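Subject: Handing over a structure, with notes on its cavities and helix packing

Hello,

Here is the structure I promised to send over. Please have a look at it first, and then read on for what turned up.

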Amino acid sequence: MTEAEKPPVQWLIVFAVVLTAVLEVLDTTIVNVALPHIKAAFGITSDQTVWIVTSYIVASIAVMPLTGLLSRKFGRRRLIITAIVGFAFFSALGGMAQNFEMLVFFRLGQGFFGAFLIPLSQAILFTSFPREKRGQAMAIFGLGVIVAPVLGPTIGAILTEHFSWRAVFYVNMPIAFIALLMVSGELEKEDTHHVDIDWVGLLLMVTAIGALQMTLDLGESHDWFDSHLIQVTAITSALTGIIFFVRGIGRKLNIIDFSLLKDRSFAAGNVTIVGFGVSMFGAIAILPLFVQGLLDYPVLESGQLFIPRGIAAGFSMVVTGSFLVNRFDPRMLLAVGLILTGSGNIMLTHMNLDVSFWQLAWPGIVSGLGMGLFFVPMSTLAFQNISTEKQDEASGIYSVMRSLGSSVGIAIIGWQLARRTNLHYAILTEQITPFNPAVAAYLAPLGLSPTSGQGATVLANEVLAQASMLAFQDAFLLSGLAAFAMLPMVFFIQKPQKADVKMPASVH
(Lines give C-alpha, C1' and ligand atoms only; values in the text may rest on other atoms or scores of the structure.)
Protein backbone atom coordinates (compact mmCIF):
# COMPACT_ATOMS: atom_id res chain seq x y z
CA MET A 1 0.00 0.00 0.00
CA THR A 2 1.39 3.37 -0.99
CA GLU A 3 1.39 6.41 1.29
CA ALA A 4 -1.41 7.97 -0.76
CA GLU A 5 -3.57 4.84 -0.49
CA LYS A 6 -3.41 4.63 3.30
CA PRO A 7 -6.81 4.91 5.02
CA PRO A 8 -7.60 7.77 7.39
CA VAL A 9 -5.94 7.56 10.78
CA GLN A 10 -7.92 5.51 13.30
CA TRP A 11 -7.50 7.44 16.51
CA LEU A 12 -8.71 4.56 18.66
CA ILE A 13 -5.67 2.60 17.48
CA VAL A 14 -3.53 5.61 18.31
CA PHE A 15 -4.86 5.75 21.86
CA ALA A 16 -4.63 1.98 22.25
CA VAL A 17 -1.00 1.62 21.24
CA VAL A 18 0.07 4.63 23.30
CA LEU A 19 -1.58 2.99 26.32
CA THR A 20 0.33 -0.23 25.63
CA ALA A 21 3.56 1.76 25.46
CA VAL A 22 2.74 3.44 28.78
CA LEU A 23 2.30 0.00 30.35
CA GLU A 24 5.90 -0.96 29.67
CA VAL A 25 7.81 2.27 30.29
CA LEU A 26 5.87 3.17 33.44
CA ASP A 27 7.06 -0.01 35.11
CA THR A 28 10.71 0.89 34.53
CA THR A 29 10.50 3.66 37.14
CA ILE A 30 7.28 3.36 39.15
CA VAL A 31 8.49 0.35 41.15
CA ASN A 32 11.69 2.10 42.26
CA VAL A 33 9.83 4.32 44.73
CA ALA A 34 8.22 1.28 46.36
CA LEU A 35 11.49 -0.62 46.89
CA PRO A 36 12.03 0.54 50.51
CA HIS A 37 8.51 -0.67 51.39
CA ILE A 38 9.06 -3.99 49.60
CA LYS A 39 12.38 -4.34 51.41
CA ALA A 40 10.67 -3.88 54.77
CA ALA A 41 7.74 -6.17 53.88
CA PHE A 42 9.94 -9.12 52.87
CA GLY A 43 12.88 -8.42 55.22
CA ILE A 44 15.43 -8.45 52.41
CA THR A 45 18.74 -6.63 51.96
CA SER A 46 19.47 -3.68 49.68
CA ASP A 47 21.41 -5.96 47.32
CA GLN A 48 18.39 -8.20 46.97
CA THR A 49 16.06 -5.32 46.14
CA VAL A 50 18.23 -4.60 43.09
CA TRP A 51 17.02 -7.88 41.59
CA ILE A 52 13.43 -6.63 41.61
CA VAL A 53 14.44 -3.96 39.10
CA THR A 54 17.15 -5.95 37.33
CA SER A 55 15.00 -9.01 36.61
CA TYR A 56 12.45 -6.89 34.75
CA ILE A 57 15.04 -5.01 32.67
CA VAL A 58 17.14 -8.08 31.84
CA ALA A 59 14.13 -10.06 30.60
CA SER A 60 12.81 -7.10 28.62
CA ILE A 61 16.05 -6.23 26.84
CA ALA A 62 16.98 -9.85 26.16
CA VAL A 63 13.82 -10.63 24.15
CA MET A 64 13.07 -7.19 22.66
CA PRO A 65 15.15 -7.78 19.48
CA LEU A 66 12.89 -10.76 18.70
CA THR A 67 9.96 -8.45 17.99
CA GLY A 68 10.42 -8.48 14.22
CA LEU A 69 10.84 -12.25 13.99
CA LEU A 70 7.84 -13.07 16.18
CA SER A 71 5.72 -10.44 14.44
CA ARG A 72 6.34 -12.11 11.10
CA LYS A 73 5.65 -15.53 12.55
CA PHE A 74 2.46 -14.77 14.50
CA GLY A 75 1.29 -11.37 13.22
CA ARG A 76 1.34 -8.01 14.99
CA ARG A 77 -2.21 -8.22 16.30
CA ARG A 78 -1.78 -11.65 17.87
CA LEU A 79 1.62 -10.76 19.32
CA ILE A 80 0.58 -7.45 20.88
CA ILE A 81 -2.60 -8.96 22.37
CA THR A 82 -0.56 -11.81 23.85
CA ALA A 83 1.95 -9.31 25.23
CA ILE A 84 -0.75 -7.17 26.88
CA VAL A 85 -2.47 -10.19 28.46
CA GLY A 86 0.83 -11.68 29.63
CA PHE A 87 2.02 -8.39 31.06
CA ALA A 88 -1.25 -7.82 32.93
CA PHE A 89 -1.24 -11.39 34.25
CA PHE A 90 2.25 -11.13 35.71
CA SER A 91 1.51 -7.63 37.04
CA ALA A 92 -1.39 -9.05 39.03
CA LEU A 93 0.80 -11.88 40.31
CA GLY A 94 3.46 -9.34 41.30
CA GLY A 95 0.93 -7.52 43.43
CA MET A 96 0.02 -10.79 45.13
CA ALA A 97 3.60 -12.01 45.67
CA GLN A 98 4.14 -13.48 49.13
CA ASN A 99 7.93 -13.54 49.16
CA PHE A 100 10.96 -12.08 47.43
CA GLU A 101 11.63 -15.06 45.15
CA MET A 102 8.07 -15.03 43.81
CA LEU A 103 8.23 -11.31 43.11
CA VAL A 104 11.48 -11.61 41.14
CA PHE A 105 9.99 -14.44 39.05
CA PHE A 106 6.85 -12.42 38.32
CA ARG A 107 9.00 -9.43 37.37
CA LEU A 108 10.80 -11.66 34.86
CA GLY A 109 7.40 -12.48 33.36
CA GLN A 110 6.49 -8.80 33.23
CA GLY A 111 9.72 -7.98 31.45
CA PHE A 112 9.37 -10.83 28.96
CA PHE A 113 5.90 -9.83 27.76
CA GLY A 114 6.43 -6.09 28.20
CA ALA A 115 9.44 -6.21 25.88
CA PHE A 116 7.22 -6.32 22.79
CA LEU A 117 4.89 -3.46 23.74
CA ILE A 118 7.14 -0.50 22.83
CA PRO A 119 8.52 -1.67 19.46
CA LEU A 120 5.14 -3.04 18.33
CA SER A 121 3.35 0.15 19.33
CA GLN A 122 5.93 2.25 17.51
CA ALA A 123 5.80 0.11 14.37
CA ILE A 124 1.98 0.09 14.28
CA LEU A 125 1.79 3.85 14.59
CA PHE A 126 4.57 4.43 12.09
CA THR A 127 2.88 2.34 9.40
CA SER A 128 -0.57 3.77 10.24
CA PHE A 129 0.42 7.30 9.25
CA PRO A 130 1.50 8.76 5.93
CA ARG A 131 5.07 9.99 5.82
CA GLU A 132 4.15 13.65 6.10
CA LYS A 133 2.20 13.10 9.33
CA ARG A 134 4.79 11.15 11.31
CA GLY A 135 6.05 14.14 13.27
CA GLN A 136 2.84 14.52 15.26
CA ALA A 137 2.63 10.74 15.44
CA MET A 138 5.92 10.62 17.28
CA ALA A 139 4.83 13.49 19.50
CA ILE A 140 1.80 11.53 20.69
CA PHE A 141 3.82 8.35 21.06
CA GLY A 142 6.48 10.28 22.96
CA LEU A 143 3.91 11.45 25.50
CA GLY A 144 3.73 7.84 26.59
CA VAL A 145 7.31 6.69 26.09
CA ILE A 146 9.13 9.70 27.56
CA VAL A 147 6.66 11.40 29.91
CA ALA A 148 5.48 8.18 31.59
CA PRO A 149 8.88 7.18 33.03
CA VAL A 150 9.51 10.78 34.10
CA LEU A 151 6.25 10.83 36.05
CA GLY A 152 6.69 7.23 37.23
CA PRO A 153 8.33 8.23 40.55
CA THR A 154 5.47 10.65 41.24
CA ILE A 155 2.76 8.07 40.55
CA GLY A 156 4.66 5.42 42.51
CA ALA A 157 5.07 7.77 45.49
CA ILE A 158 1.35 8.59 45.57
CA LEU A 159 0.27 4.94 45.34
CA THR A 160 2.80 3.78 47.93
CA GLU A 161 2.08 6.62 50.34
CA HIS A 162 -1.72 6.37 50.26
CA PHE A 163 -2.29 2.69 49.50
CA SER A 164 0.41 0.00 49.45
CA TRP A 165 3.48 -1.00 47.48
CA ARG A 166 1.29 -3.64 45.85
CA ALA A 167 -0.69 -0.86 44.17
CA VAL A 168 2.22 -0.09 41.83
CA PHE A 169 1.54 -3.48 40.22
CA TYR A 170 -2.25 -3.36 40.31
CA VAL A 171 -2.32 0.05 38.59
CA ASN A 172 -1.38 -1.77 35.37
CA MET A 173 -4.63 -3.74 35.31
CA PRO A 174 -7.14 -1.05 34.21
CA ILE A 175 -4.66 0.35 31.69
CA ALA A 176 -4.09 -3.10 30.20
CA PHE A 177 -7.84 -3.84 30.10
CA ILE A 178 -8.66 -0.67 28.16
CA ALA A 179 -5.73 -1.15 25.78
CA LEU A 180 -6.70 -4.78 25.17
CA LEU A 181 -10.30 -3.90 24.31
CA MET A 182 -9.27 -1.26 21.80
CA VAL A 183 -6.41 -3.21 20.23
CA SER A 184 -8.46 -6.39 19.78
CA GLY A 185 -11.35 -4.41 18.30
CA GLU A 186 -9.44 -2.07 15.99
CA LEU A 187 -6.35 -3.88 14.73
CA GLU A 188 -6.86 -6.01 11.64
CA LYS A 189 -5.71 -9.60 11.53
CA GLU A 190 -2.57 -10.22 9.50
CA ASP A 191 -1.27 -13.14 7.56
CA THR A 192 1.33 -15.20 9.35
CA HIS A 193 4.49 -16.54 7.77
CA HIS A 194 6.72 -19.51 8.30
CA VAL A 195 9.93 -18.28 9.85
CA ASP A 196 13.04 -20.38 10.32
CA ILE A 197 14.63 -19.57 13.66
CA ASP A 198 18.39 -19.58 14.13
CA TRP A 199 18.40 -21.08 17.60
CA VAL A 200 22.16 -20.78 18.04
CA GLY A 201 22.04 -17.08 17.13
CA LEU A 202 19.07 -16.61 19.45
CA LEU A 203 20.94 -18.16 22.38
CA LEU A 204 24.03 -16.04 21.68
CA MET A 205 22.03 -12.81 21.44
CA VAL A 206 19.97 -13.39 24.58
CA THR A 207 23.07 -14.39 26.54
CA ALA A 208 25.07 -11.37 25.36
CA ILE A 209 22.35 -8.83 26.11
CA GLY A 210 21.26 -10.44 29.36
CA ALA A 211 24.83 -10.68 30.68
CA LEU A 212 25.54 -7.06 29.70
CA GLN A 213 22.43 -5.88 31.50
CA MET A 214 23.35 -7.82 34.63
CA THR A 215 26.84 -6.31 34.53
CA LEU A 216 25.40 -2.80 34.36
CA ASP A 217 22.70 -3.33 36.99
CA LEU A 218 24.78 -5.22 39.55
CA GLY A 219 28.19 -3.63 38.96
CA GLU A 220 27.91 -0.82 41.49
CA SER A 221 26.53 -2.95 44.32
CA HIS A 222 29.21 -5.62 43.72
CA ASP A 223 32.17 -3.22 43.42
CA TRP A 224 32.45 -3.79 39.68
CA PHE A 225 35.39 -5.89 38.51
CA ASP A 226 36.54 -6.71 42.01
CA SER A 227 33.59 -9.11 41.99
CA HIS A 228 33.90 -12.52 40.34
CA LEU A 229 30.23 -12.33 39.37
CA ILE A 230 30.75 -9.10 37.42
CA GLN A 231 33.91 -10.49 35.81
CA VAL A 232 31.97 -13.54 34.61
CA THR A 233 28.97 -11.58 33.30
CA ALA A 234 31.19 -9.02 31.51
CA ILE A 235 33.37 -11.65 29.83
CA THR A 236 30.30 -13.70 28.91
CA SER A 237 28.62 -10.68 27.35
CA ALA A 238 31.74 -9.69 25.38
CA LEU A 239 32.46 -13.17 24.03
CA THR A 240 28.90 -14.09 23.05
CA GLY A 241 28.32 -10.64 21.59
CA ILE A 242 31.42 -10.84 19.38
CA ILE A 243 30.54 -14.35 18.22
CA PHE A 244 26.95 -13.30 17.49
CA PHE A 245 28.05 -10.26 15.49
CA VAL A 246 30.79 -12.01 13.48
CA ARG A 247 28.58 -15.02 12.83
CA GLY A 248 25.63 -12.89 11.74
CA ILE A 249 27.36 -10.58 9.23
CA GLY A 250 26.02 -11.40 5.78
CA ARG A 251 23.96 -14.30 7.14
CA LYS A 252 20.42 -14.42 5.72
CA LEU A 253 18.99 -16.55 8.52
CA ASN A 254 19.84 -14.34 11.48
CA ILE A 255 17.89 -13.11 14.48
CA ILE A 256 18.80 -9.51 13.66
CA ASP A 257 19.15 -8.10 10.16
CA PHE A 258 22.49 -6.31 10.39
CA SER A 259 21.91 -4.75 6.97
CA LEU A 260 19.59 -2.26 8.70
CA LEU A 261 22.68 -0.66 10.23
CA LYS A 262 24.01 0.14 6.75
CA ASP A 263 21.52 2.99 6.70
CA ARG A 264 23.53 5.82 8.23
CA SER A 265 20.48 7.61 9.64
CA PHE A 266 19.29 4.51 11.47
CA ALA A 267 22.82 3.68 12.71
CA ALA A 268 23.44 7.25 13.90
CA GLY A 269 20.00 7.31 15.52
CA ASN A 270 20.79 4.20 17.57
CA VAL A 271 24.09 5.65 18.78
CA THR A 272 22.44 8.96 19.64
CA ILE A 273 19.57 7.39 21.57
CA VAL A 274 22.13 5.57 23.76
CA GLY A 275 23.88 8.82 24.64
CA PHE A 276 20.57 10.54 25.25
CA GLY A 277 19.54 7.69 27.56
CA VAL A 278 22.75 8.13 29.56
CA SER A 279 22.01 11.83 29.97
CA MET A 280 18.29 11.62 30.67
CA PHE A 281 17.96 8.51 32.83
CA GLY A 282 21.28 9.00 34.60
CA ALA A 283 20.09 12.35 35.96
CA ILE A 284 16.58 11.10 36.74
CA ALA A 285 17.97 8.13 38.68
CA ILE A 286 20.14 10.14 41.09
CA LEU A 287 17.93 13.19 41.67
CA PRO A 288 15.65 11.36 44.16
CA LEU A 289 18.77 10.12 45.97
CA PHE A 290 19.94 13.69 46.40
CA VAL A 291 16.69 15.20 47.62
CA GLN A 292 15.76 12.28 49.90
CA GLY A 293 19.23 11.46 51.19
CA LEU A 294 20.72 14.94 51.65
CA LEU A 295 17.74 17.31 51.73
CA ASP A 296 15.43 14.99 53.70
CA TYR A 297 12.55 15.33 51.23
CA PRO A 298 9.67 12.95 51.96
CA VAL A 299 8.94 10.37 49.25
CA LEU A 300 5.83 12.17 47.97
CA GLU A 301 7.52 15.55 47.60
CA SER A 302 10.47 13.87 45.94
CA GLY A 303 8.09 12.44 43.35
CA GLN A 304 6.42 15.81 42.83
CA LEU A 305 9.76 17.22 41.75
CA PHE A 306 9.34 15.39 38.44
CA ILE A 307 5.94 16.88 37.60
CA PRO A 308 7.29 20.15 36.10
CA ARG A 309 9.78 18.15 34.02
CA GLY A 310 7.01 15.88 32.72
CA ILE A 311 4.70 18.79 31.86
CA ALA A 312 7.53 20.58 30.01
CA ALA A 313 8.37 17.42 28.06
CA GLY A 314 4.74 16.86 27.07
CA PHE A 315 4.29 20.48 25.99
CA SER A 316 7.51 20.41 24.00
CA MET A 317 6.54 17.23 22.18
CA VAL A 318 3.15 18.54 21.15
CA VAL A 319 4.57 21.85 19.89
CA THR A 320 7.45 20.12 18.13
CA GLY A 321 5.28 17.51 16.43
CA SER A 322 2.47 19.82 15.32
CA PHE A 323 4.33 23.03 14.55
CA LEU A 324 8.14 23.09 14.63
CA VAL A 325 8.87 20.10 12.39
CA ASN A 326 6.78 21.74 9.68
CA ARG A 327 9.08 24.75 9.57
CA PHE A 328 12.58 23.70 10.58
CA ASP A 329 15.13 21.07 9.65
CA PRO A 330 14.47 18.21 12.14
CA ARG A 331 18.21 17.81 12.61
CA MET A 332 18.42 21.35 13.97
CA LEU A 333 15.60 20.60 16.40
CA LEU A 334 17.44 17.45 17.41
CA ALA A 335 20.58 19.44 18.17
CA VAL A 336 18.67 22.04 20.20
CA GLY A 337 17.02 19.22 22.14
CA LEU A 338 20.38 17.73 23.05
CA ILE A 339 21.70 21.14 24.11
CA LEU A 340 18.70 21.87 26.34
CA THR A 341 18.74 18.40 27.90
CA GLY A 342 22.44 18.67 28.67
CA SER A 343 22.13 22.27 29.89
CA GLY A 344 19.35 21.37 32.31
CA ASN A 345 21.52 18.68 33.88
CA ILE A 346 24.53 20.99 34.09
CA MET A 347 22.38 23.65 35.80
CA LEU A 348 22.05 21.20 38.70
CA THR A 349 25.78 21.47 39.35
CA HIS A 350 25.16 24.86 41.02
CA MET A 351 22.98 23.44 43.78
CA ASN A 352 23.89 23.24 47.47
CA LEU A 353 22.39 21.78 50.65
CA ASP A 354 20.10 24.81 51.02
CA VAL A 355 18.62 24.58 47.53
CA SER A 356 14.85 25.11 47.24
CA PHE A 357 12.22 23.00 45.45
CA TRP A 358 11.97 25.35 42.45
CA GLN A 359 15.73 25.71 42.19
CA LEU A 360 15.72 21.96 41.54
CA ALA A 361 12.59 22.02 39.37
CA TRP A 362 13.72 24.68 36.87
CA PRO A 363 16.65 22.65 35.50
CA GLY A 364 14.17 19.79 35.10
CA ILE A 365 11.89 22.04 33.04
CA VAL A 366 14.80 22.96 30.76
CA SER A 367 15.69 19.28 30.32
CA GLY A 368 12.03 18.42 29.75
CA LEU A 369 11.78 20.93 26.92
CA GLY A 370 14.90 19.41 25.43
CA MET A 371 13.46 15.90 25.69
CA GLY A 372 10.48 16.87 23.54
CA LEU A 373 12.64 18.61 20.97
CA PHE A 374 14.91 15.56 20.80
CA PHE A 375 12.48 12.66 20.80
CA VAL A 376 10.10 13.70 18.01
CA PRO A 377 12.65 14.42 15.25
CA MET A 378 14.95 11.59 16.39
CA SER A 379 12.21 8.99 16.06
CA THR A 380 11.29 10.13 12.54
CA LEU A 381 14.82 10.70 11.25
CA ALA A 382 16.11 7.31 12.41
CA PHE A 383 13.37 5.45 10.52
CA GLN A 384 13.10 7.65 7.43
CA ASN A 385 14.72 5.08 5.12
CA ILE A 386 13.38 1.90 6.77
CA SER A 387 10.86 -0.02 4.67
CA THR A 388 7.43 -0.93 6.02
CA GLU A 389 8.38 -4.62 6.07
CA LYS A 390 11.34 -3.92 8.36
CA GLN A 391 9.55 -1.57 10.79
CA ASP A 392 8.98 -4.18 13.51
CA GLU A 393 12.57 -5.38 13.47
CA ALA A 394 14.02 -1.86 13.32
CA SER A 395 11.76 -0.74 16.18
CA GLY A 396 12.94 -3.68 18.25
CA ILE A 397 16.60 -2.78 17.75
CA TYR A 398 15.95 0.91 18.44
CA SER A 399 14.03 0.09 21.62
CA VAL A 400 16.87 -2.12 22.85
CA MET A 401 19.36 0.70 22.32
CA ARG A 402 17.10 3.13 24.16
CA SER A 403 16.82 0.73 27.11
CA LEU A 404 20.55 0.00 27.11
CA GLY A 405 21.23 3.73 27.10
CA SER A 406 19.18 4.16 30.25
CA SER A 407 20.94 1.22 31.91
CA VAL A 408 24.38 2.45 30.91
CA GLY A 409 23.48 5.91 32.18
CA ILE A 410 22.29 4.68 35.55
CA ALA A 411 25.36 2.44 35.92
CA ILE A 412 27.92 5.08 34.90
CA ILE A 413 26.35 7.89 36.91
CA GLY A 414 25.98 5.64 39.95
CA TRP A 415 29.62 4.58 39.69
CA GLN A 416 30.71 8.20 39.30
CA LEU A 417 28.66 9.21 42.34
CA ALA A 418 30.25 6.60 44.62
CA ARG A 419 33.76 7.21 43.32
CA ARG A 420 33.60 11.00 43.58
CA THR A 421 32.05 10.85 47.06
CA ASN A 422 35.07 8.92 48.34
CA LEU A 423 37.45 11.29 46.57
CA HIS A 424 35.85 14.47 47.91
CA TYR A 425 35.60 12.97 51.40
CA ALA A 426 39.32 12.21 51.40
CA ILE A 427 40.17 15.74 50.22
CA LEU A 428 37.88 17.46 52.74
CA THR A 429 39.04 15.42 55.72
CA GLU A 430 42.62 16.54 55.09
CA GLN A 431 41.55 20.00 56.26
CA ILE A 432 39.75 18.78 59.40
CA THR A 433 42.24 18.89 62.26
CA PRO A 434 42.01 20.15 65.88
CA PHE A 435 44.50 22.86 64.90
CA ASN A 436 42.32 24.34 62.15
CA PRO A 437 40.67 27.48 63.65
CA ALA A 438 37.75 27.15 61.21
CA VAL A 439 36.89 23.77 62.74
CA ALA A 440 36.76 25.16 66.27
CA ALA A 441 34.73 28.15 65.05
CA TYR A 442 32.19 25.84 63.40
CA LEU A 443 31.69 23.74 66.56
CA ALA A 444 31.74 26.61 69.06
CA PRO A 445 28.06 27.67 68.59
CA LEU A 446 27.11 24.06 69.30
CA GLY A 447 29.10 23.99 72.54
CA LEU A 448 31.42 21.33 71.16
CA SER A 449 35.15 21.01 70.58
CA PRO A 450 37.10 19.21 67.84
CA THR A 451 38.59 16.82 70.38
CA SER A 452 35.26 15.63 71.83
CA GLY A 453 33.56 12.50 70.59
CA GLN A 454 30.32 14.29 69.81
CA GLY A 455 32.22 17.04 68.03
CA ALA A 456 34.03 14.49 65.87
CA THR A 457 30.71 12.87 64.95
CA VAL A 458 29.18 16.19 63.93
CA LEU A 459 32.21 16.98 61.79
CA ALA A 460 32.20 13.56 60.13
CA ASN A 461 28.51 13.86 59.22
CA GLU A 462 28.97 17.36 57.84
CA VAL A 463 32.02 16.38 55.79
CA LEU A 464 30.17 13.37 54.36
CA ALA A 465 27.19 15.56 53.42
CA GLN A 466 29.44 18.10 51.69
CA ALA A 467 31.41 15.37 49.93
CA SER A 468 28.18 13.77 48.73
CA MET A 469 26.88 17.11 47.46
CA LEU A 470 30.09 17.70 45.48
CA ALA A 471 29.83 14.18 44.06
CA PHE A 472 26.25 14.81 42.95
CA GLN A 473 27.43 17.97 41.20
CA ASP A 474 30.08 15.95 39.36
CA ALA A 475 27.53 13.29 38.40
CA PHE A 476 25.06 15.83 37.01
CA LEU A 477 27.88 17.43 35.04
CA LEU A 478 28.76 14.07 33.51
CA SER A 479 25.13 13.41 32.58
CA GLY A 480 24.94 16.82 30.91
CA LEU A 481 28.15 16.29 28.95
CA ALA A 482 26.78 12.97 27.66
CA ALA A 483 24.08 14.89 25.78
CA PHE A 484 26.57 17.36 24.31
CA ALA A 485 28.79 14.46 23.24
CA MET A 486 26.02 13.27 20.90
CA LEU A 487 25.91 16.51 18.91
CA PRO A 488 28.45 15.32 16.27
CA MET A 489 26.15 12.38 15.46
CA VAL A 490 23.57 14.85 14.11
CA PHE A 491 25.85 15.45 11.10
CA PHE A 492 25.73 11.75 10.20
CA ILE A 493 21.94 11.77 9.85
CA GLN A 494 20.61 12.39 6.37
CA LYS A 495 18.58 15.50 5.74
CA PRO A 496 15.00 14.33 5.19
CA GLN A 497 13.18 14.90 1.95
CA LYS A 498 10.76 17.78 1.87
CA ALA A 499 7.86 15.43 2.48
CA ASP A 500 9.50 14.24 5.68
CA VAL A 501 9.86 17.76 7.05
CA LYS A 502 6.23 18.66 6.57
CA MET A 503 4.60 16.57 9.28
CA PRO A 504 1.15 17.66 10.32
CA ALA A 505 -0.57 15.14 12.58
CA SER A 506 -0.22 11.51 13.60
CA VAL A 507 1.14 8.83 15.85
CA HIS A 508 4.05 6.37 15.91
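A word on terms before the count: a cavity here is a set of grid points where a 1.4 Å probe fits but cannot get out. Please also keep in mind that this is a predicted model. By that rule, the model holds three cavities of 30 Å³ or more.

The second largest cavity is the one I looked into, and its space comes to about 40 Å³. Which residues line the second largest cavity? They are Ile 118, Gln 122, Phe 141, Val 145, Phe 375, Ser 379, Tyr 398, Ser 399 and Arg 402. Sorted by class, this lining has five nonpolar, three polar and one charged residues.

Four helices each supply at least two residues of that lining: α7 (117–128), α8 (134–145), α18 (357–382) and α19 (391–429). Of these, α19 gives the largest share, with three residues.

α18 packs with α14 (residues 264–293) at an angle of about 160 degrees, and their axes are 11 Å apart. Because angles over 145 degrees count as roughly antiparallel, α14 is roughly antiparallel to α18. The crossing in which α14 passes α18 is left-handed.

Helix α5 (residues 76–96) and helix α6 (residues 100–114) have axes that come within 8 Å and cross at roughly 165 degrees. These two helices, α5 and α6, are therefore roughly antiparallel to each other as well. Here, too, the crossing is left-handed, with α5 passing α6.

If you open the model, you could begin with Ile 118 and Arg 402, which are among the residues lining the second largest cavity.

Best wishes

Definitions and conventions: Residues numbered from 1 in each chain as written. Predicted model: local features only at pLDDT ≥ 70, side-chain atom pairs only at ≥ 80, totals over all residues. Heavy atoms only, no water. 1 Å grid on protein atoms, 1.4 Å probe; cavity = no way out; pocket = protein on both sides within 12 Å on 5 of 7 lines; lining within 4 Å. Points joined across faces, edges and corners; volume = space filled by probe spheres on them. Nonpolar A, V, L, I, M, F, W, Y, C, P; charged D, E, K, R; others polar. Axes fitted to C-alpha atoms, helices over the stretch in contact; angles between N-to-C directions. Parallel < 35°, antiparallel > 145°, perpendicular 65-115°, else oblique. Left-handed = near helix turned anticlockwise from the far one by under 90°.
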